[in-house]
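Biologist: I would like to go through this structure with you, one term at a time. Please tell me what stands behind each word you use.

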Amino acid sequence: MAAKNKKQSKAPVIHTFKWKGINRKGGKVSGELQALSVAEVRLELRKQGVNVSKVQKKAKPLFSFGDKVTPMDIAVISRQIATMLGAGVPLVQGLQLIAQSSQKPSARKLMSTISQEVATGTPLSQTLRGYPRYFDELYCDLVDAGEQSGALETIYDRISIYKEKSEALKSKIKKAMFYPAAVLAVAGVVTMLLLLFVIPQFKDIFEGFGAQLPAFTLFVLGISDLVQNYWYVVAGAVIAFIFLFKRAHRSSQKVRDNTDKFVLKIPVISTILDKAAVARFARTLSTTFAAGIPLVDALVSAAGASGNYVYRSAIQNVRTEVMAGMQMNVAMKTTNVFPDMVTQMVMIGEESGDLDGMLSKVADIYEQQVDDAVDALTSLLEPMIMVVLGVVVGGLIVAMYLPIFQLGSVIG
């Protein structure tokens, strides 16, 4: 019986159909339409005055690039829902309009399915819980709070701000990490190419000199020989390390926790990650608390959103102390993790009864600090990376030309 109910509650599958026909003026028209069946497509087109000549299901491409529904897409969809609700558009109609206007087929299909489920009377929060890949527990809890309080429009405005700020923060962090990693990766590839293909050519030339080579040149030639003979061992070791680390990071909580501790000790980068964790904590707690979720429950969401074991543990300790009756700002001080400015602003928020407003200001301040820190890091790294590239590549070139310079001085 349970299996039967589960089968009945399964969401209908929406397909994309290609159609051709003739309109009221006798002109040939064609297009695409999303529906459950061919019959539904024909019925809809007949309402539009189109005499349908051909309808067929659109084949899925063998390879699909850029069609994945990303967190940024969810942020955009959330803003669209907030705008629709603010304009007085009924929820189901708004969801249908968003589905029709979506550029990505995957997003179109997702929103069409959600709108059909909501149209049957299923609460939006319950519908969204069926898609945990796109809507996490925090998102669904906020929507549920909005439905229970009758303030879904206000809640969705907060959700859209939260998602937009969160994705902007993620983008800044990725920018801080990607630039130096990409440049160093290119530098590594260039160095390997020089060691494998360019320096061996010089070695053949040097063998005909019949003279003692400089120590620096011999050192570089030795590295080149080592790389040529054992490059596959080095490459295999690097690939194996990355694979094993990713596997351990995915399966072991202890590895993830130790990694989180380690990254907070990396010079310069740790400052950005610290500020980002505080910003995520403050933004999440502000959004959930303002939505009417009890502080103790809101702290659970904030702990998960912080994105780092050190802060997650600290927030969990704060929650334990708050449950025991301690003020949150006092509990935050005892963790020795949060900056004094944050605890002071939380104290002011608790005393004034505007905790969510103060937390929102904390989030704004630290998000701006992250932005400034990323710009400063980029400005700092550019000359440093150029120096490193100059030393490595320039050193290899100098090592190869030293014997030539010495030979020229001897001949002179």
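**Helices and their lengths**

Modeller: Let's start at Gly88, which has a positive phi of about 85 degrees just after α3. Bear in mind that this is a predicted model, where local features need pLDDT of at least 70 and side-chain atom pairs pLDDT 80 or more, while totals for chains, interfaces and linings use all residues. Residues are numbered from 1 along each chain as its sequence is written, and side-chain values use heavy atoms, leaving out hydrogens and water.

Biologist: What makes a stretch a helix or a strand here?

Modeller: Both are DSSP runs numbered from the N terminus: a helix is H or I with at least four residues, a strand is E with at least two.

Biologist: How do you know that the length of α3 agrees with its number of residues?

Modeller: The expected span is 1.5 Å times one less than the number of residues. For the 16 residues of α3 that gives 22 Å, and the end C-alpha atoms are 22 Å apart, so the two agree. Helix α5 (residues 105–119) passes in the same way, because its 15 residues should span 21 Å and its ends are 21 Å apart. Just after α5, Gly121 has a positive phi of about 105 degrees.

Biologist: Why is Asp257 called buried?

Modeller: Buried means under 20% relative accessible area, exposed over 50%, and partly exposed in between (1.4 Å probe, protein chains only). Asp257 has 12%, so it counts as buried. This residue is found in helix α10 and, leaving aside neighbours within four places in sequence, is in contact (heavy atoms within 4.5 Å) with Tyr309 and Arg312.

Biologist: Why is Asn336 called exposed?

Modeller: Its relative accessible area is 72%, so it passes the cut-off of over 50%. Asn336 is in the loop between α14 (328–335) and α15 (340–352). Its phi is near 55 degrees, a positive value in a residue other than glycine. Most residues other than glycine have a negative phi.

**Core and pocket**

Biologist: What makes a set of residues a nonpolar core?

Modeller: They must be buried Ala, Val, Leu, Ile, Met, Phe, Trp, Tyr or Cys, joined through side-chain atoms within 4.5 Å. The largest such core has 76 residues, and Ile114, Tyr156 and Met328 have the most contacts inside it. Helix α16 (residues 355–411) gives the largest share of this core, twelve residues. A second, separate core of twelve residues includes Leu194 and Phe202.

Biologist: Which residues does Ile114 touch?

Modeller: Ile114 is one of the buried residues of α5. Not counting residues up to four places away in sequence, its contacts include Leu95, Leu124 and Phe135.

Biologist: How many residues of the largest pocket's lining are nonpolar, polar or charged?

Modeller: The lining divides into 16 nonpolar, nine polar and twelve charged residues. Asp, Glu, Lys and Arg count as charged; Ala, Val, Leu, Ile, Met, Phe, Trp, Tyr, Cys and Pro as nonpolar; the others, Gly among them, as polar. Helix α8 gives the most to this lining, with eight residues.
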